[in-house]
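Subject: A structure for you to explore

Hello,

Here is the structure I promised to pass on. Have a look around it, and then read on for what turned up.

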Number of protein chains: 2
Amino acid sequence: MPSALPLSAALLSLLTAAPKAQAPVAAPKDPGPSPQVAAQLIGAALSEGRAYARLAELTDGIGPRLSGSEGEKAAVQWAKRSFEADGVKVWLEPVKVPRWVRGEESGRVLASERFREHPLALLALGGSVGTPAEGVTGEVLEVRSLEEVAGLGEKVKGKIVFFNHAMAEAADYGKYAGLRTRGASVAAKSGAVAVLVRSLATASLRSPHTGAMRYDEGVPQIPAAAVSVEDAELLHRLVAGGPVKVELKLGCQTQPDADSFNVVAEVKGREKPKEVVLLGAHLDSWDVGTGAHDDGAGVTMVMETARLLGKLKPAPRRTVRVVLFANEENGLRGGRAYAEAHAAELGTHVAALEMDSGGGRPLGVTFRAGPGGEELVRPWLQPLEALGAGVILAGEAGGADISPLIPARVPFVGVRVDSSRYFDVHHSHADTLDKVNPKDLAQSTAALAWVSYVLAEVPGVLPRPEAPPAAPPTTPKPAAP
Amino acid sequence: MPSALPLSAALLSLLTAAPKAQAPVAAPKDPGPSPQVAAQLIGAALSEGRAYARLAELTDGIGPRLSGSEGEKAAVQWAKRSFEADGVKVWLEPVKVPRWVRGEESGRVLASERFREHPLALLALGGSVGTPAEGVTGEVLEVRSLEEVAGLGEKVKGKIVFFNHAMAEAADYGKYAGLRTRGASVAAKSGAVAVLVRSLATASLRSPHTGAMRYDEGVPQIPAAAVSVEDAELLHRLVAGGPVKVELKLGCQTQPDADSFNVVAEVKGREKPKEVVLLGAHLDSWDVGTGAHDDGAGVTMVMETARLLGKLKPAPRRTVRVVLFANEENGLRGGRAYAEAHAAELGTHVAALEMDSGGGRPLGVTFRAGPGGEELVRPWLQPLEALGAGVILAGEAGGADISPLIPARVPFVGVRVDSSRYFDVHHSHADTLDKVNPKDLAQSTAALAWVSYVLAEVPGVLPRPEAPPAAPPTTPKPAAP
């Protein structure tokens with residue numbers, strides 16, 4: 001929409017659209033991001049991009065990589081080797097991560113006069129305590145919300161509280177994720193013995209979806225598991241007819257913290273090396289599936305962007321730093337460790353961008369910056385139009401791992417991807433390489449590479465957002481876009 | 001398409017379309033199926049039909065019902081009680097059924113220099129032998145067809161043969177089911193130690209689909225399992241890069257045959273009680289999921305048809321007999337027992353119809369009869385037009401359980417339902433009640449009730465098809481439509 005642009009922006013937009021005309025006219029001293037670089041980055045990402053090949057190395061070669069696991073260790077070394085092979089400077093920054101280990105697990109609806117026994121397809125939630133070997137048995141108490149439990153008082157005592165709220169679409173994740181993260185403590189406060197949570201899923205073939213939960217201080221720690229959508233529907237039908245008892249056996253446990261690392265790589269800026277554009281993704285995944293969309297796709301997109309930017313001569317004006325965070329899924333220790341270790345330089349972090357919504361096609365760009373920040377980038381979006389992503393979208397940019405940078409008022413930018421089918425497989429056994437479309441991944445990589453370059457090259461910097469009124473969010477996994 | 005009809009059929013069609021006009025005109029002596037009955041049956045099936053409620057009793061109340069299991073026994077008693085409650089005459093006919101029992105099972109791709117270990121989502125195929133407790137380990141040999149194995153000669157020896165052919169749509173089931181049923185013996189003839197078969201599935205979220213297999217005489221019996229589509233894709237990618245070893249542990253076993261029953265119910269004909277219209281479905285299911293589409297839907301449709309026809313006064317001209325067959329899934333013993341026990345009366349079986357393609361919406365009617373058989377029924381299809389099923393479709397009617405009636409030249413009729421999504425859940429943990437749409441089930445029940453009534457009431461009978469050239473098919477599960 002050039003008519004809405006200030007004159008200078010409109011001019012720049014015209015220049016971008018007609019690169020050949022740029023040299024002959026009296027060029028401004030600082031023309032900003034070069035359209036030739038757009039062609040180079042987008043062309044390379046689409047024609048010789050390695051994002052999907054990297055993703056195959058990570059998912060088929062290494063597989064799941066829960067914090068503290070052998071898979072995570074292997075992934076850290078793989079990432080370091082890969083950056084080195086690409087000629088990108090890389091180092092490891094230590095992070096202590098929680099070590100939660102899934103064990104044997106099962107659940108069943110106990111037979112009654114009304115029905116025979118049914119097995120439950122479930123996954124313990126990450127961070128849950130285990131049950132005694134003989135399991136936990138209790139009557140099911142179905143609720144829709146945390147508030148409903150609080151209102152039930154004595155009725156909750158001794159029960160297995162079953163949080164049953166369906167996700168209709170991806171955008172619902174944020175609305176109901178609290179049932180998973182906070183349900184156990186809310187229920188335990190009223191005397192529940194365990195909780196079952198309907199999987200946060202937009203598709204199911206009897207597929208449970210795990211995810212993080214946490215216990216409040218001073219409240220009994222009770223076991224918590226996600227059941228498949230089908231089993232949630234079954235429980236709902238059975239409960240409607242009378243009392244239903246469930247037996248739950250979870251062999252999971254939390255072991256001592258383990259040593260891990262944020263993998264940090266960077267392409268040094270040619271003119272303002274201390275100004276940092278941070279590109280984040282998380283290297284850890286759940287222990288089921290292979291974390292292809294979550295967040296292998298993000299990892300490979302930012303790694304690929306580092307490779308492509310690293311080949312530019314001259315280098316971008318500012319430093320582009322890629323951080324593959326540790327422990328996004330069940331602790332956010334990597335994000336916090338980065339913010340702490342780099343506290344002194346956050347004032348010169350001019351932008352942070354996290355890719356953690358899967359490997360779908362690119363849709364556009366989002367912001368969380370001071371007033372008018374979008375106008376710094378808007379003139380440079382034309383090269384993304386043929387990818388369907390040359391627009392600024394409503395909604396704030398963000399990301400769990402970069403959320404600890406909020407108090408330092410680091411501006412956030414987002415390259416939003418189509419995540420409408422992300423929650424079909426998110427945190428489940430089905431988050432595997434075959435779910436990622438190589439074409440979509442390449443196109444989003446191209447969009448990311450260009451936006452990253454723009455942020456590193458544009459003459460000005462984004463205005464910083466206001467300081468937040470309260471502490472940064474501590475939810476391990478905030479709502480996806 | 002009335003213009004293509006012979007005059008008498010066109011006249012009948014007109015009468016059917018204008019029921020109010022029928023009484024005043026000089027009625028033919030034998031007007032055939034009454035349009036008022038169409039209204040009564042279709043109206044009842046759609047407004048007070050119990051198909052879905054019955055399906056909930058069968059799937060939620062009883063659950064899986066593999067031959068010889070407690071679930072199967074419970075289902076037989078449930079069906080008998082249900083017919084009795086509906087006032088429909090019912091009896092049990094004994095059938096000895098195979099008793100195959102799944103045990104603990106697992107599979108994994110063993111780690112190599114190229115990749116870390118991967119678990120495999122698998123299900124032993126029904127009828128498979130188990131492995132030794134320590135499992136069977138072998139290098140994976142990927143093939144696309146039975147013929148390819150035969151051509152590989154010595155290369156097969158000691159290998160785990162992996163049959164990898166994707167289903168693109170439901171109609172592909174018939175093309176590739178042979179890999180599942182016959183793959184083990186074909187591979188064993190060349191010295192394979194086990195087989196893995198890509199699940200016959202049109203959707204997957206890491207969902208293995210089981211199904212029957214059988215061993216040829218005189219060939220070593222080797223273990224056989226279905227792997228999920230995702231794991232098939234993984235194996236395919238890994239094998240492309242070099243040798244891949246898999247370990248397979250299956251705890252399944254075949255126990256002595258068990259006592260079971262065909263549940264037979266009938267509505268006696270008012271005028272030609274010895275002429276039988278047989279409506280079949282199978283009461284057994286696999287041991288995973290609850291057999292909602294396969295074949296709970298068919299069971300409840302034929303039970304509901306018996307209830308609705310049983311309330312007609314006067315009763316239909318001919319006898320309508322409902323048979324809930326035992327052991328369709330892994331032996332076809334029920335279908336064979338019926339054909340044997342009723343051999344003397346198969347000459348007066350004027351039609352047989354099996355519902356075993358799920359609970360989708362009705363699409364039309366199919367035949368397997370002598371030349372011109374369709375014309376007997378075509379004039380009576382108008383009442384199904386508003387259900388979208390008032391047409392005769394190409395393709396033969398059939399059904400596994402009624403296939404033993406082929407040598408006796410019993411005409412087959414089919415009420416085809418939409419089974420385009422049937423193989424998303426078929427033989428998997430996900431074949432559960434929530435997958436069946438109550439509206440679709442009611443509409444197919446309505447279509448079935450009317451077609452059944454037409455067959456039982458129409459003045460003439462279908463010409464019998466030619467005798468088959470060879471023996472009847474012995475495949476446990478022929479291709480679905």
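A residue counts as buried when its relative accessible area is under 20%, and as exposed when that value is over 50%. C252(B) has a relative accessibility of 4%, so it counts as buried. C252(A) is likewise buried, with a relative accessible area of 4%. Please keep in mind that this is a predicted model. While we are on cysteines: a disulfide is a covalent bond between the sulfur atoms of two cysteines. The count of disulfides over all chains is zero.

Next, the place where the chains meet. On chain B, 31 residues are in contact with 31 residues of chain A. The size of an interface is often given as the accessible area lost when the parts come together. Between chain B and chain A about 2,200 Å² is buried, and carbon and sulfur atoms give 55% of this area. Three residues, D60(B), R116(B) and L205(B), supply 31% of the area that chain B buries against chain A, more than any other three residues.

There are also twelve residue pairs in polar contact across the interface of chain B and chain A. Helix 3 (51-62), helix 4 (70-85) and helix 7 (229-240) of chain B each bring at least two residues to the side that touches chain A. The residues on that side of chain B are ten nonpolar, eleven polar and ten charged.

Now for the charges. Side chains of opposite charge can pair when their charged atoms come close. How many salt bridges are there between chain B and chain A? The count is four. In one salt bridge, E230(A) pairs with K435(B), and their closest N and O atoms are 2.6 Å apart. R237(B) forms a salt bridge with D60(A), with 2.5 Å between the closest N and O atoms. This pair crosses between chains, from helix 7 of chain B to helix 3 (residues 51-62) of chain A. R237(B) is partly exposed at 24% relative accessibility, whereas D60(A) is buried at 8%.

Over all chains, the whole structure holds 70 salt bridges. On chain A, E48(A), R54(A), D86(A), E304(A), R307(A) and K311(A) are linked in a salt-bridge network.

One last stop is S428(B), in the loop between strand 16 (412-417) and helix 11 (438-457) of chain B. S428(B) has a relative accessible area of 1%, so it is buried. Its side chain reaches the backbone oxygen of V425(B) at 2.7 Å.

Enjoy exploring!

Conventions. Residues are numbered from 1 along each chain as its sequence is written. Chains are lettered from A and ligands numbered from 1 in the order in which they are written. This is a predicted model: local features need pLDDT of at least 70, side-chain atom pairs count only at pLDDT 80 or more; totals for chains, interfaces and linings use all residues. Side-chain values use heavy atoms; hydrogens and water are left out. Contact means heavy atoms within 4.5 Å. Buried area is the accessible area (1.4 Å probe) that two parts lose on being put together, summed over both. A salt bridge is a side-chain nitrogen of Lys or Arg within 4 Å of a carboxyl oxygen of Asp or Glu. A polar contact is a pair of N or O atoms within 3.5 Å; within protein, one must be able to donate a hydrogen and the other to accept it, and residues adjacent in sequence count only if both atoms are side-chain atoms. Helices (H or I, at least four residues) and strands (E, at least two) are DSSP runs, numbered from the N terminus. Ala, Val, Leu, Ile, Met, Phe, Trp, Tyr, Cys and Pro count as nonpolar, Asp, Glu, Lys and Arg as charged, and the others, Gly among them, as polar. Buried means under 20% relative accessible area, exposed over 50%, partly exposed in between (1.4 Å probe, protein chains only). A disulfide is a pair of cysteine sulfur atoms within 2.5 Å.
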